[in-house]
Amino acid sequence: MIIFGTSARTKTIGEGLFYCPNCQETRRYELKQARQFFSLYFIPLIPLGEAGRFVLCQTCGMAFQPDVLNMKPQEKPPDLAGLINTAKARLEGGYPVEYLVRDLTAAGLDREVAWATINAVVGVGRRTCPNCRLSYAATVTVCPECGHSLDG
Ligand SMILES: [Zn+2]
Ligand SMILES: [Zn+2]
């Protein structure tokens, strides 16, 4: 999977930090766009995505499919279990659903799983603040952010 001498045949279309499965560390990456010629040449080495894009670790030089950018480190951050355990109490205490989704995804949960977790602990009913546009568990009647009463 290691690519040699790629610079001449690719262009960089993005960069940032990602979790490199090879280094098993957070590393800098460059998102590369391979030209037609290049992708033909490298098909035996890496299965390029439809768009001929791949992610190159700037530390170890390994190439990965772009979806590697969604990968998270193996170990879950320690606070994820705590977030899930306290989700019901916090939501019923007036914590906005959107904030909890953000917290859960930041802790490593998929967005869909985060929503499913929230639906599991407080049900699917929501109240929405007409001012803030934030959603709350159905048991919350006043928006703690602005004090507006919530639409049912
Ligand atoms: Zn690496
Ligand atoms: Zn509000």
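Over which residues does pLDDT stay under 50 with one contact beyond four places in sequence in the model? The stretch is residues 4-8.

**Figure 1. Overview and confidence of the predicted chain.** This is a predicted model, in which local features need pLDDT of at least 70 and side-chain atom pairs count only at pLDDT 80 or more, while totals for chains, interfaces and linings use all residues. Residues are numbered from 1 along each chain as its sequence is written, and chains are lettered from A and ligands numbered from 1 in the order in which they are written. The mean pLDDT (the predictor's confidence in each residue, from 0 to 100) is 82 for the chain, with 78% of residues at 70 or more. Four helices and six strands are present; helices (H or I, at least four residues) and strands (E, at least two) are DSSP runs, numbered from the N terminus. Along the sequence they follow the pattern β-β-α-β-β-α-α-α-β-β. Of the 152 residues, 20% count as buried; a residue is buried if 20 or more other C-beta atoms lie within 10 Å of its own, exposed if 12 or fewer, and partly exposed in between, with C-beta atoms placed from the backbone.

Figure 2. Helix H1 (residues 36-42) has the lowest mean pLDDT among the elements of the chain, 47, whereas E6 has the highest, 95. Over residues 37-45 pLDDT stays under 50, and the model has 11 contacts beyond four places in sequence for them. Two residues are in contact if their C-beta atoms, placed from the backbone, lie within 7 Å. Where pLDDT is low, the predicted coordinates should not be read in detail.

Figure 3. Four strands form an open sheet in the order E1-E2-E3-E4, with antiparallel pairing. Its edge strands are E1 and strand E4 (63-64), each of which pairs on one side only. Two strands pair if DSSP finds at least two bridges between them. Strand E1 (residues 10-20) and strand E2 (residues 25-34) are joined in the antiparallel sense over 10 bridges. Within this pair, Gly 16 stands opposite Tyr 29, and Tyr 19 has Thr 26 as its bridge partner. Gln 24 counts as exposed because it has 10 C-beta neighbours inside 10 Å.

Figure 4. The 14 residues of H2 should span 20 Å at 1.5 Å a residue, and the end C-alpha atoms are 20 Å apart, which agrees; the expected span is 1.5 Å times one less than the number of residues. A kink of about 50 degrees is centred on Thr 86, the bend at a residue being the angle between axes fitted to the seven residues ending there and the seven starting there. After H2 comes Gly 94, with a positive phi near 105 degrees. Gly 94 is placed in the loop between H2 and H3 and is partly exposed because it has 16 C-beta neighbours inside 10 Å. Not counting residues up to four places away in sequence, Gly 94 touches Tyr 136, Val 140 and Pro 144. The C-alpha atoms of Gly 94 and Val 140 are separated by 5.9 Å, although these residues are 46 apart along the chain.

**Figure 5. Nonpolar cores.** A nonpolar core is a set of buried Ala, Val, Leu, Ile, Met, Phe, Trp, Tyr and Cys residues joined through C-beta atoms within 7 Å. The largest has 15 residues, of which Leu 91, Val 97, Leu 100, Ile 118, Tyr 136, Ala 137 and Leu 150 touch the most other members. Two or more residues come from each of helix H2 (79-92), helix H3 (97-106), helix H4 (111-122) and strand E6 (135-137). Val 97 touches Leu 91, Ile 118, Arg 126, Ser 135 and Tyr 136, not counting residues up to four places away in sequence. A second, separate core of 10 residues includes Cys 20, Tyr 29, Ala 34 and Leu 56.

Figure 6. Arg 133 lies between strand E5 (126-128) and E6. Its phi is positive, about 65 degrees, although Arg 133 is not a glycine. Arg 133 is exposed, with 9 other C-beta atoms within 10 Å.
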